Amino acid sequence: MQRNELHEHIISSAGDLFYSQGYNSTGVNEIITKCDIAKATLYSHFKSKEDICVAYLNRRHSTFIKNLKGYVNDRPKGKNQLLAIFDLLRDMYLEENFQGCWGLKTLGELSPDQTTILSVIQQQKKELLLYLGEVVGDNISNLSKAETEKISGGLYLLYESAVTESHLFKNDWPIFIAKSIAPSLFMDAELI
């Protein structure tokens, strides 16, 4: 395997373990075994398990944002684009081994001194919130900054709760309820 391929293989293998069994429950030796590599090889790519986790979170987030942008762009302007995040979540839920949000799952395991991972997750959530603000701005006319933040913040909170609750209950009803509530955030707005 080429160095880049091996690097990606480590991220992917460790990420599968982090997502399915938890960050704290996954040891470095387990990652080494799953990757079928030597410890020295692992440490030539990553200084620590924390560095692997950051790479995993960045990869998952990057893929998610790319997919979300695709979902938004594939839909007609207006209500369909504003609700696209719930359609993506439904598809994610239907995938095998849905365990909720990878970032929040990791966050729940962090100790107060693990600030590097915390800041990565916070930044990713801010990026999602900002992107939802862009979607709102692209689909609703004549909004103030405060109105844009209120609507995008509402969509964000509905999405985040739907992710958590659909994982908790092992059911997609929270996604459908969140999607049905979301239009009330912009019912008086002038859709494009």
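Which residues in H4 meet which residues in H8? That was my opening question today, and I kept in mind that this is a predicted model.

**Entry 1: the H4 and H8 pair**

I started on the H4 side and listed Glu50, Cys53, Val54, Leu57, Asn58, His61, Phe64, Ile65, Leu68, Lys69 and Val72. Across from them, in H8, I found Thr116, Ile117, Val120, Ile121, Gln124, Glu127, Leu128, Tyr131 and Val135. Sorting this contact by class gave me 13 nonpolar, four polar and three charged residues.

Next I looked up how the two helices lie. Two packed helices are described by the angle between their axes and the distance between the axes. H4 spans residues 49–73 and H8 spans residues 115–139. Their axes come within 10 Å and cross at roughly 10°. Angles under 35 degrees count as roughly parallel, so I wrote down H4 and H8 as roughly parallel to each other.

**Entry 2: the largest pocket**

I then went looking for open space. The largest pocket has a volume of about 400 Å³. I counted 18 residues in its lining, and Tyr19, Arg60, Thr63, Glu95 and Trp102 are the ones that lie nearest its centre.

Which helix gives the most to the lining of the largest pocket? My friend from the previous entry, H4, does, with six residues. By class, I noted seven nonpolar, six polar and five charged residues around the largest pocket.

**Entry 3: the second largest pocket**

Here I found about 190 Å³ of space. For the lining I wrote down Leu143, Glu147, Lys150 and Ile151, and then Ser184, Leu185, Phe186, Met187, Asp188 and Ala189. This lining divides into six nonpolar residues, one polar residue and three charged residues.

**Entry 4: what the record says**

Where does UniProt place the feature "DNA-binding region"? The unreviewed entry puts this feature at residues 27–46. In the model, that span is 75% helix and 0% strand, and its end C-alpha atoms lie 14 Å apart.

Technical notes:
Residues numbered from 1 in each chain as written. Predicted model: local features only at pLDDT ≥ 70, side-chain atom pairs only at ≥ 80, totals over all residues. Heavy atoms only, no water. Axes fitted to C-alpha atoms, helices over the stretch in contact; angles between N-to-C directions. Helix = DSSP H or I, 4+ residues; strand = E, 2+ residues; numbered from the N terminus. Parallel < 35°, antiparallel > 145°, perpendicular 65-115°, else oblique. Contact = heavy atoms within 4.5 Å. Nonpolar A, V, L, I, M, F, W, Y, C, P; charged D, E, K, R; others polar. 1 Å grid on protein atoms, 1.4 Å probe; cavity = no way out; pocket = protein on both sides within 12 Å on 5 of 7 lines; lining within 4 Å. Points joined across faces, edges and corners; volume = space filled by probe spheres on them. UniProt positions renumbered as here; feature names shortened; annotations may be inferred.
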